[in-house]
Amino acid sequence: MKYAITGATGHLGQQIVAAIKPLVDPSDLYLGVHTPSKARAYQQQGMQVMAIDYQQPERLKAFFQDSDVLIYIPSKSHDSYSRVQEFENVLEPV
């Protein structure tokens, strides 16, 4: 199974990755991050890392491709309109 996790380098994302890591093969973890350089340790452990932007649906579609499980962690945007648009962009390619 392929597990796609957004926000993997954030506070909640790191906790989720730490919790799931002992349960699945690292090559089955696909981590969507804003800044790939913050995810080097994950890459060194065999996890796949991809830069994503919630405002670019095509990049999200590429990230979600062939995923069996999606763990979506929203961005820190506090503007309701931005958050709704972000969520719609995440749902569109799924």
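Colleague: What pattern does the chain follow when read along the sequence?

Modeller: The pattern is β-α-β-α-β-α-β-α, made of 4 helices and 4 strands. Helices (H or I, at least four residues) and strands (E, at least two) are DSSP runs, numbered from the N terminus. This is a predicted model, in which local features need pLDDT of at least 70 and side-chain atom pairs count only at pLDDT 80 or more, while totals for chains, interfaces and linings use all residues. Residues are numbered from 1 along each chain as its sequence is written, and side-chain values use heavy atoms, with hydrogens and water left out.

Colleague: What share of the contacts with a separation of 6 or more comes from residues 24 or more positions apart?

Modeller: Such residues account for 55% of those contacts, where contact means heavy atoms within 4.5 Å.

Colleague: Why does Ala4 count as buried?

Modeller: Buried means under 20% relative accessible area, exposed over 50%, and partly exposed in between (1.4 Å probe, protein chains only). Ala4 has 0% relative accessibility, so Ala4 is buried. Across the chain, buried residues make up 29% of the 94 residues.

Colleague: Which residues touch Ala4, leaving aside its neighbours within four places in sequence?

Modeller: Ala4 is in contact with Tyr30, Phe63, Ser67, Val69, Leu70 and Ile71. Phe64 is 60 residues from Ala4 in sequence, yet their C-alpha atoms are 6.6 Å apart.

Colleague: Which way do the residues of strand 1 point?

Modeller: In strand 1 (residues 3-6), Tyr3 and Ile5 point one way, Ala4 and Thr6 point the other way, and all are buried. In a regular strand the side chains alternate between the two faces of the sheet.

Colleague: How do you know that strand 1 and strand 2 pair?

Modeller: Two strands pair if DSSP finds at least two bridges between them. Strand 1 and strand 2 (residues 29-33) have 4 bridges, in the parallel sense; within this pairing, Ala4 stands opposite Tyr30 and Ile5 opposite Leu31. Strand 1 also runs parallel to strand 4 (residues 69-71), joined by 3 bridges, with Ile5 opposite Ile71.

Colleague: What else pairs with strand 2?

Modeller: Strand 3 (residues 48-51) pairs with strand 2 in the parallel sense over 4 bridges, and Met50 in strand 3 is the bridge partner of Gly32.

Colleague: Why is strand 2 called largely enclosed by the rest of the structure?

Modeller: Of its 5 residues, 4 are buried, so strand 2 is largely enclosed.

Colleague: What makes the buried residues of helix 1 lie on the same side?

Modeller: The buried residues of helix 1 are Gly13, Val17 and Ile20. They cover an arc of only 75° around the axis, which puts them on the same side of helix 1; the arc is that of the directions from the helix axis to the C-beta atoms. Their cover includes strand 1, strand 2 and helix 2 (40-44). On the other side of helix 1, His11 and Ala19 are exposed.

Colleague: Why is Gly7 called partly exposed?

Modeller: Gly7 has a relative accessible area of 24%, which falls between the buried and exposed cut-offs, so Gly7 is partly exposed. Gly7 sits in the loop between strand 1 and helix 1. Apart from its neighbours within four places in sequence, Gly7 is in contact with Gly13, Gly32, Tyr54 and Ile73.

Colleague: Does Asp66 count as buried or exposed, and why?

Modeller: Asp66 has 61% relative accessibility, which is over the exposed cut-off, so Asp66 counts as exposed.
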